Protein chains: 2
Amino acid sequence: MTKPKMRLGAFLQPTGQHLAAWRHPNAVADAGTNIGHYVELARIAERGLFDMIFIADRLGFLAEDKAILKHTVRNIAHFEPMTLLSALALQTSHIGLAATQTTSYMEPFNMARKFASLDHISGGRSAWNVVTSNYEDESLNFGREQHYSPAERYERAMEFVEIVTGLWDTWEDDAFPQDKESGVFFDDEKLHVLNHKGKHFSVKGPLNVARPPQGWPVIIQAGTSEPAKELSARFANVVFSAEQDIAAAKKFYADVKSRLAKYGRNEDEIKVMPGIMAVVGKTKADAQRKFDQLQDLVPPEVGLNLLSQTMQMDMSKYDVDAPMPEVDVTGKWSRAQMMLDLAKLNNWTVKDAYKSVSAGRGHWVVVGTASDIADQMELWFTEKAADGFNVMPPVFPGDLSEFVDLVIPELQSRGLFRTSYEGKTLRENLGVARPKHFAAS
Amino acid sequence: MTKPKMRLGAFLQPTGQHLAAWRHPNAVADAGTNIGHYVELARIAERGLFDMIFIADRLGFLAEDKAILKHTVRNIAHFEPMTLLSALALQTSHIGLAATQTTSYMEPFNMARKFASLDHISGGRSAWNVVTSNYEDESLNFGREQHYSPAERYERAMEFVEIVTGLWDTWEDDAFPQDKESGVFFDDEKLHVLNHKGKHFSVKGPLNVARPPQGWPVIIQAGTSEPAKELSARFANVVFSAEQDIAAAKKFYADVKSRLAKYGRNEDEIKVMPGIMAVVGKTKADAQRKFDQLQDLVPPEVGLNLLSQTMQMDMSKYDVDAPMPEVDVTGKWSRAQMMLDLAKLNNWTVKDAYKSVSAGRGHWVVVGTASDIADQMELWFTEKAADGFNVMPPVFPGDLSEFVDLVIPELQSRGLFRTSYEGKTLRENLGVARPKHFAAS
């Protein structure tokens with residue numbers, strides 16, 4: 001029996017996962033709107049046999065703090081995910097194409113169409129990362145002074161996904177005889193009108209795209225709230241997470257899997273994939289040097305701004321080289337106290353503290369040789385903390401190439417990763433079943 | 001001085017412009033979701049030096065009349081335009097990419113982003129055909145029992161386009177120094193927040209995509225109502241029309257051009273392009289045979305259904321081989337009386353009548369040799385009935401290839417069409433100026 005294999009996604013931030021990536025000498029500073037750059041990244045990831053490339057998204061940013069923002073690249077000026085992935089579809093042949101799209105400020109009919117279309121264009125390689133929008137900068141672009149409450153956001157999201165999956169099932173798989181002789185283009189008994197009337201949406205259908213090659217495009221979810229986890233349990237094939245230590249990751253993993261039975265699904269039908277920012281070096285010291293070089297590129301004003309967000313208070317008045325002050329975090333979120341504890345434990349300066357947040361942006365950071373990194377990944381995989389990982393190279397394209405050239409062979413030699421694609425569609429490669437049409441016997 | 005050149009668009013319906021195209025022996029019946037087919041069409045059109053390919057759109061169809069519908073292909077099951085054109089962007093290098101997208105059931109922020117993104121992906125070749133949605137099948141997919149009134153639709157459309165063009169101007173052209181040394185990614189003085197608060201929309205901005213290579217993607221309009229014409233006069237670079245005789249076309253052309261002065265624009269800044277379905281043959285008889293063959297492929301029930309739409313009454317009870325009956329068209333639209341007049345003049349049967357509607361679907365039909373077709377196009381062009389044409393080949397891919405191989409050289413030899421692309425962007429090829437950023441001195 002062959003060993004189970006881990007799944008890998010490549011998270012394509014424009015210049016890389018690290019906050020200061022764009023300032024690195026090897027970074028492509030104009031990556032956000034450089035299509036050649038993305039074609040290169042997609043092909044490197046496909047050479048590495050990644051399951052998918054993944055594009056995050058946010059519908060805007062606030063320009064209030066331009067003095068800080070002007071040093072950063074994230075969310076500022078980059079391709080829209082669906083147009084980007086459609087362009088990459090014909091530049092690749094096996095890799096999955098995963099886009100974040102929000103249920104808060106888009107319409108279910110348009111969503112169903114876009115993903116069905118991308119799935120046809122790519123021959124069954126599309127995936128939808130279902131999110132809700134919870135930032136003020138987004139709501140203000142859509143005529144709302146305040147964004148939806150968390151409960152309302154997820155209630156809308158659940159209904160939204162019901163509609164989208166329902167629209168994907170408008171047509172049975174064999175609905176189109178396209179018989180020129182008799183003049184019958186489609187079999188009218190295999191056309192199903194949705195007629196959805198719900199609390200938040202009313203969508204008649206039918207969808208004007210044939211059933212996607214994957215039946216339903218792969219559904220990804222990354223929320224950690226209760227309603228988000230229920231949405232995952234009911235619909236998701238992949239769950240992205242941000243866990244920084246194995247104990248928490250195992251707990252999260254078990255929680256996700258435990259919710260599936262309620263919906264008649266088994267544990268294999270959902271793949272839990274935490275993020276990992278791997279800094280690879282030929283030696284440990286080499287890797288550490290790479291990491292330090294990047295950390296030093298974080299402009300102090302940006303680091304302080306990020307630290308202020310973590311602490312939920314203004315930290316810009318403190319000397320960056322002084323010890324981290326023991327501020328009062330009463331009433332702040334738990335991350336503020338965690339930061340104080342870490343700073344105390346490690347005798348951090350303010351700069352040390354903001355560097356710790358800048359690095360992985362909330363994701364697991366591993367610095368070491370290919371073997372060190374594979375050790376960690378193997379541990380998480382075998383200990384049921386992960387079914388795979390969403391790999392977040394610190395700087396593109398170099399760190400993705402290095403991951404492919406150094407870490408992938410190490411994982412393969414341990415029997416932990418594929419040596420060729422198993423199938424043609426993303427579902428086939430991920431090992432999640434193609435949903436039957438509801439009318440199929 | 002070189003002669004002025006005509007502009008050409010290639011209108012890519014999946015199987016072709018003719019209602020029965022999909023039944024033709026050379027048609028690609030599964031064209032609607034066959035990406036290889038579209039890649040081939042785009043490349044043929046680019047070989048023919050067309051200014052652009054154009055994709056129509058409609059957000060659904062009504063499934064009430066499945067017995068008729070099942071014989072047809074239009075609007076039923078095909079790619080979504082933005083994903084399709086993004087996929088084609090990297091398969092072509094010069095041709096413009098024009099997509100229809102509605103202002104009725106989408107959000108201005110998302111619209112601005114998609115087109116800006118496609119413009120960056122394609123290096124400045126995107127175009128937006130601005131439409132409003134006026135069919136019940138569309139409104140029912142977006143939670144509305146009734147579609148917007150015409151006045152409201154266009155009032156929304158005008159505000160929508162104001163917002164989208166405003167968002168495209170979020171960033172000045174040189175807003176991104178991306179200076180790794182100093183750590184300045186963008187120049188914060190070159191970022192402009194829109195802060196739009198209007199009657200129908202409230203959109204703060206800024207847009208999170210850099211200014212498009214074309215400044216603004218090309219704007220196309222095809223409406224013929226008063227408010228549609230005002231929208232054209234203010235914003236459009238291209239106007240598509242459906243005119244079947246030169247006198248009406250000249251009148252429409254003069255009308256469009258006469259409205260520009262009010263907005264400080266000159267007549268060259270808008271290109272009027274009527275649709276033309278050209279049926280090309282080696283001889284006139286050859287062309288006529290081709291046309292007749294297609295006309296015979298229209299299933300009677302579909303022809304009768306279309307005729308019923310034209311007559312605004314049920315025509316299915318009449319014998320298709322009997323003379324067209326002199327029904328009472330009091331209170332019906334003018335097209336019903338026009339049909340009766342044509343039928344009487346030509347002694348048409350019911351079948352002849354429905355064939356006349358099936359052919360060009362409201363567009364100008366020319367049947368003849370390449371020289372005949374070029375004669376007609378030249379006449380319209382020199383007589384100021386058209387600045388160019390939206391070419392609608394009856395059946396793909398053959399009739400597009402024939403147009404490129406037979407009609408294009410004829411137009412070129414007359415000095416009426418380019419022999420190589422003039423520029424890199426669609427605006428450069430069309431000869432419409434790149435809009436200056438509002439903050440540019």
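A crossing of two helices is right-handed if the near helix is turned clockwise from the far one by less than a right angle. In this predicted model, H3(A) passes H3(B) in such a right-handed crossing.

The two H3 helices bring the chains together. Helix H3 of chain A and helix H3 of chain B each span residues 81-89. Their axes lie 7 Å apart and pack at an angle of about 45°. H3(A) and H3(B) are therefore oblique to each other. Met82(A), Thr83(A), Ser86(A) and Ala87(A) supply the contact from H3(A). On the side of H3(B), the contact residues are Met82(B), Thr83(B), Ser86(B) and Ala87(B). By class, this contact has four nonpolar and four polar residues, and no charged ones.

The relation between the chains was examined next.

Helix packing within the chains was then considered. In chain B, the axes of helix H6 (residues 150-168) and helix H7 (residues 226-235) come within 9 Å. They cross at roughly 15°. Angles under 35 degrees count as roughly parallel, and H6(B) and H7(B) are therefore roughly parallel to each other. Their crossing is right-handed. H6(B) contributes Tyr154(B), Ala157(B), Met158(B), Val161(B), Glu162(B) and Thr165(B) to the contact. These meet Pro227(B), Ala228(B), Glu230(B), Leu231(B), Arg234(B) and Phe235(B) in H7(B). Eight of the contact residues are nonpolar, one is polar and three are charged.

In chain A, helix H13 (residues 370-382) packs with helix H14 (residues 398-413). The angle is about 50° and the axes are 9 Å apart. That makes H13(A) oblique to H14(A). This crossing, too, is right-handed. From H13(A), the contact draws on Ala370(A), Ser371(A), Ile373(A), Ala374(A) and Met377(A). Their partners in H14(A) are Phe403(A), Leu406(A), Val407(A), Glu410(A) and Leu411(A). The residues divide into eight nonpolar, one polar and one charged.

Side chains of opposite charge can pair when their charged atoms come close. Over all chains, the structure holds 60 salt bridges. One of them joins Lys229(A) to Asp255(A), with the closest N and O atoms 2.7 Å apart. This pair links distant parts of the chain, its members being 26 residues apart. Lys229(A) sits in helix H7 (residues 226-235) of chain A, and Asp255(A) in helix H8 (residues 246-258) of chain A.

Most residues other than glycine have a negative phi, and most peptide bonds are trans. Lys384(A) is not a glycine, yet has a positive phi of about 60°. This residue lies in the loop between H13 and strand S11 (388-391) of chain A. The peptide bond from Gly205(A) to Pro206(A) is cis, with omega near 0°. Pro206(A) belongs to the loop between strand S6 (202-203) and strand S7 (218-221) of chain A. In chain B, the bond from Phe396(B) to Pro397(B) is cis, with omega near -5°. Pro397(B) is in the loop between strand S11 (388-391) and helix H14 (398-413) of chain B.

Notes: Residues are numbered from 1 along each chain as its sequence is written. Chains are lettered from A and ligands numbered from 1 in the order in which they are written. This is a predicted model: local features need pLDDT of at least 70, side-chain atom pairs count only at pLDDT 80 or more; totals for chains, interfaces and linings use all residues. Side-chain values use heavy atoms; hydrogens and water are left out. Axes are lines fitted to C-alpha atoms, for helices over the stretch in contact, and angles run from 0 to 180 degrees between N-to-C directions. Helices (H or I, at least four residues) and strands (E, at least two) are DSSP runs, numbered from the N terminus. Angles under 35 degrees count as roughly parallel, over 145 as roughly antiparallel, 65 to 115 as roughly perpendicular and the rest as oblique. Contact means heavy atoms within 4.5 Å. Ala, Val, Leu, Ile, Met, Phe, Trp, Tyr, Cys and Pro count as nonpolar, Asp, Glu, Lys and Arg as charged, and the others, Gly among them, as polar. A salt bridge is a side-chain nitrogen of Lys or Arg within 4 Å of a carboxyl oxygen of Asp or Glu.
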